Amino acid sequence: MKQFILPDFGNIDSEIILSKKETHYLKNVLRYKTGAIFSAADKTGNIWEAKILRFENKKSIIVLCRKIEPASLDGQAQSSEGFALDKGEREAIPEIVLYQCLLKGKKMDLVVRQAAEAGVATIVPVESEFAIAKMEGKQQKEKIERWEKICKEALQQSGSNIFTNVKQHITFMQLDRFCKKTETSVFFHQNAIENKSLHKYLFQVAEKVNIIIGPEGGFSDKEIKFMLDNGFLPAYLGKNILRAETAAIYGIAAIKTILLEKGKWILC
């Protein structure tokens with residue numbers, strides 16, 4: 001379900017001026033008119049009742065009427081423009097963080113978009129040994145800003161109730177500083193390094209699940225040893241050789257499906 005993501009705003013009693021692009025989405029995609037009251041989400045996941053005051057010079061001015069409290073949603077999003085997941089489901093799923101080794105060209109853009117649609121909470125770009133793409137100079141800020149815009153578009157399209165943040169990039173050998181031992185950290189590989197299933201890894205899952213995906217050239221032997229030495233869990237992708245961008249959404253979907261169905265597991 002489509003939803004509108006609010007830009008950063010200060011005083012909730014002040015008018016909010018939307019950009020031309022935001023106005024286009026509001027007016028031509030969601031098809032709202034002057035005076036329309038609709039639900040909108042901010043970057044912290046709060047839902048607001050907003051009203052369009054007027055359109056002028058290809059921009060629009062809105063005002064926030066009130067914050068919609070979770071209790072008033074009766075466990076569900078209040079309208080078709082609101083969040084798609086119910087409150088109980090949202091609380092049951094641990095936070096998912098994607099550590100994606102840098103990919104070439106638009107492949108990284110695709111991974112960011114798909115991860116946001118799938119409900120990943122945080123995306124962290126990672127510089128790895130076999131990664132061709134690099135984060136250098138002005139490119140760093142430009143890439144992060146582009147990925148943030150892609151996340152916003154994906155959230156508006158998908159209606160996800162989890163706002164996806166894109167963090168500054170890190171080097172591969174910094175992973176152990178960010179992925180704590182109290183968290184569940186899984187890396188996907190084309191070889192069966194250990195004969196264990198994702199279900200076993202996620203049976204006693206922590207509040208956060210970290211997913212590590214390699215670049216086009218995969219992980220180096222040094223990186224695999226580093227992850228195993230730091231308690232990261234290897235998951236087998238199967239015999240098919242997947243593109244890096246395919247592996248990312250494959251891993252996210254597999255883990256999220258297991259977490260969503262965890263309450264229905266039958267232990268044998």
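**Overall make-up**

Of the 268 residues in the protein, 46% are buried, where buried means under 20% relative accessible area with a 1.4 Å probe, protein chains only. This is a predicted model, in which local features need pLDDT of at least 70 and side-chain atom pairs count only at pLDDT 80 or more, while totals for chains, interfaces and linings use all residues. Residues are numbered from 1 along each chain as its sequence is written, and side-chain values use heavy atoms, with hydrogens and water left out.

The protein has eight helices and twelve strands; these are DSSP runs numbered from the N terminus, helices being H or I of at least four residues and strands E of at least two. Taking contacts (heavy atoms within 4.5 Å) between residues at least 6 apart in sequence, 73% join residues at least 24 apart.

**The largest pocket**

The lining of the largest pocket comprises 21 residues, with Glu22, Glu148, Lys149, Lys152 and Glu153 nearest its centre. A pocket here is an open set of points on a 1 Å grid over the protein atoms alone, where a 1.4 Å probe fits, with protein on both sides within 12 Å along at least five of seven lines; lining residues have an atom within 4 Å of a point. Helix α4 gives the most to this lining, with eight residues, and α1 (20-29) and β8 (165-166) each supply at least two.

**A buried glutamate**

Glu183 lies in the loop between α5 (175-178) and β10 (184-189). Its relative accessible area is 15%, so Glu183 counts as buried. Leaving aside residues up to four places away in sequence, Glu183 touches Phe178, Ala206, Lys208 and Asn210.

Note on methods: Buried < 20%, exposed > 50% of the residue type's maximum accessible area, 1.4 Å probe, protein only.
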